[in-house]
Amino acid sequence: MTMGAAIQIDADAPPAENPRLISTGADNTIWAPVDGAAGALATLFYLRALPDGSHLNFPVKIEMSVLDDGLIDAFAPVLQLGGVGQSAEQAVRDLVATAVSLWQELGHTQPGSLHESGAKALARLSSVFGPAK
Amino acid sequence: MVYAADSKSWSRCSVLMARRLRPCRSEALTVSGRVCGRSISALNWGPLGAAWVQRLSDRLGPSCGIWLWLMHPHLPNSPLVAVSFEVRFHGDLNLITRWGEFQKAVRSDFQKLYVVGAVPGTSPLLQPIKLSSVDNDESILLTISSFAYTANRYHTFVEFRQRLLEIHRQFFHLAGPAEATRFGLRYVNILPPASFDAGERGVIHPALKLALGGADIAARPQIGQPQLTFERAIGNLVLRVSIGAPPSASQASDDFAAKMPGISPGVLLDLDCYQVGPGRAEEMATFLDAAHGVVDNAFLGLVSASYYEYMKGGL
């Protein structure tokens with residue numbers, strides 16, 4: 001497009017002049033907040049390895065959201081566990097610390113002494129981290 | 001899927017459902033829907049579900065339509081991050097004055113306002129403004145030639161459809177009826193990051209059945225995520241499929257993904273079903289149902305069996 005060219009915005013305009021795909025507004029659009037609204041964060045990331053470098057059995061989906069008080073929440077549906085922090089990084093670290101701690105705790109419990117829900121949690125954690133060490 | 005059935009057409013309805021169930025026939029699907037305009041509660045789909053719908057149909061008689069949506073079982077690792085509907089119309093500068101009234105009408109649910117910084121080469125009038133809910137789970141984009149609603153927490157098509165129609169009604173109550181020039185329904189998915197091993201040839205993404213072929217170059221080792229977009233005509237609809245790098249949500253998201261070890265933003269799978277041409281606002285519901293069926297079929301047809309297991313929470 002050259003400077004000063006007229007832009008026709010109706011759908012019967014030539015394809016090159018049509019508005020770009022804007023329906024989600026996320027196509028490399030950087031939104032400027034008005035009235036103190038916080039900047040948006042992508043809602044989904046994948047955790048491929050732990051902060052110490054250990055690889056996971058498969059990428060764990062992490063859903064990010066901003067809580068009412070401005071804190072960031074990171075939730076892993078496949079683990080049914082979440083973490084909270086002042087930043088996205090802190091929230092994920094909190095989630096990972098909780099998951100690893102629970103995995104080790106449950107993994108060292110005598111077989112058969114776990115409640116059904118604990119056994120299920122261990123199965124979920126072991127599918128991601130492997131057998132508890 | 002939306003299908004109107006009565007006792008006479010039940011056999012055809014059964015056939016359609018059986019076809020739709022095939023990709024995940026081992027699952028206990030959930031059925032919900034509306035009977036004579038009223039919602040019915042969900043139930044586990046199975047042999048009993050078919051009998052239940054038959055009994056319901058018999059009881060209500062042939063004059064009462066049954067609308068059914070088949071929903072897939074809860075998938076904890078579903079890659080869906082946003083579902084968006086957009087209607088475009090001829091540019092109307094009167095809308096600028098109506099935006100204020102509309103914002104006032106929906107402010108209790110959409111308290112945040114976002115604008116876009118100046119983009120070189122793009123007219124400010126073509127850049128949208130965005131109204132968002134406090135938790136950013138829902139947003140509305142407005143320009144002088146389009147209206148779009150996006151849900152970032154999508155539970156079921158039934159819920160999405162109901163909410164969209166409610167907001168859209170408020171908008172067009174203020175903006176007045178307009179001839180639509182384009183309807184679009186878009187499902188944005190973020191697939192897990194792909195790692196290609198040296199033995200793989202022509203793979204677009206391990207989660208997808210798509211593959212490159214027919215040229216020597218496709219047989220060379222893959223060293224990065226391929227990016228491609230293609231379109232297919234399906235009746236009077238067009239399905240645009242885009243695969244590649246996910247769009248940037250904000251600088252904060254980019255910084256986070258770059259800083260945090262082991263974190264990846266994943267790979268985009270964008271299914272955009274649209275219809276171009278003159279249409280009336282009242283045709284929106286018909287478009288929505290048809291486009292939802294197209295996107296649903298396309299998604300299930302594209303993903304591999306192993307990725308479907310992953311979505312369910314398995315390996």
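## Chain A at a glance

A contact here means heavy atoms within 4.5 Å. Among the contacts in chain A between residues at least 6 apart in sequence, 27% join residues at least 24 apart. This is a predicted model, so local features need pLDDT of at least 70 and side-chain atom pairs count only at pLDDT 80 or more, while totals for chains, interfaces and linings use all residues. Residues are numbered from 1 along each chain as its sequence is written, chains are lettered from A and ligands numbered from 1 in the order in which they are written, and side-chain values use heavy atoms, with hydrogens and water left out.

Chain A has two helices and five strands, in the order β-β-β-β-β-α-α along the sequence. Helices (H or I, at least four residues) and strands (E, at least two) are DSSP runs, numbered from the N terminus. Of the 133 residues of chain A, 42% are buried; that means under 20% relative accessible area, with exposed over 50% and partly exposed in between (1.4 Å probe, protein chains only). Chain A shows about 7000 Å² of accessible surface, 55% of it from carbon and sulfur atoms. Such areas come from the Shrake-Rupley method with a 1.4 Å probe, and for residues only the protein chains shown count as cover.

## Strand β3 and its neighbours

Strand β3 (residues 55-66) of chain A is mostly covered, with nine of its 12 residues buried. On one side of the pairing list is strand β2 (residues 44-49) of chain A, which runs antiparallel to β3(A) and is joined to it by five bridges; strands pair if DSSP finds at least two bridges between them. Leu47(A) has Val60(A) as its bridge partner in β3(A). Five residues sit between the strands of this hairpin of β2(A) and β3(A), and Gly53(A) takes a positive phi near 100° there.

Strand β4 (residues 72-76) of chain A also pairs with β3(A), antiparallel and over four bridges. Here Met64(A) has Ala74(A) as its bridge partner in β4(A). The hairpin of β3(A) and β4(A) has five residues between the strands, and Gly70(A) has a positive phi near 90°.

## Salt bridges

Over all chains there are 17 salt bridges, each a side-chain nitrogen of Lys or Arg within 4 Å of a carboxyl oxygen of Asp or Glu. One of them joins Glu63(A) and Lys61(A) at 3.3 Å, N to O. Glu63(A) is partly exposed at 22% relative accessibility, whereas Lys61(A) is buried at 3%. Glu116(A) and Lys120(A) meet in another, at 3.5 Å, N to O. These two are four residues apart in helix α2 (residues 116-129) of chain A, so about one helical turn separates them.

In chain B, Glu86(B) forms a salt bridge with Arg182(B), with the closest N and O atoms 3.3 Å apart. Glu86(B) lies in strand β5 (residues 80-89) and Arg182(B) in strand β10 (residues 179-191) of chain B, so the pair ties together parts 96 residues apart in sequence. Both Glu86(B) and Arg182(B) are buried. Salt bridges with shared partners link Glu86(B), Arg88(B), Arg182(B), Glu231(B), Arg240(B) and Asp272(B) into one network.

## Aromatic rings

Rings of Phe, Tyr and Trp (its six-membered ring) pair if their centres lie within 6.5 Å; planes under 30 degrees apart count as stacked, over 60 as edge-to-face and the rest as tilted. That rule gives 15 aromatic pairs over all chains. Phe171(B) and Phe172(B) make an edge-to-face pair, 5.1 Å centre to centre with 90° between the planes.
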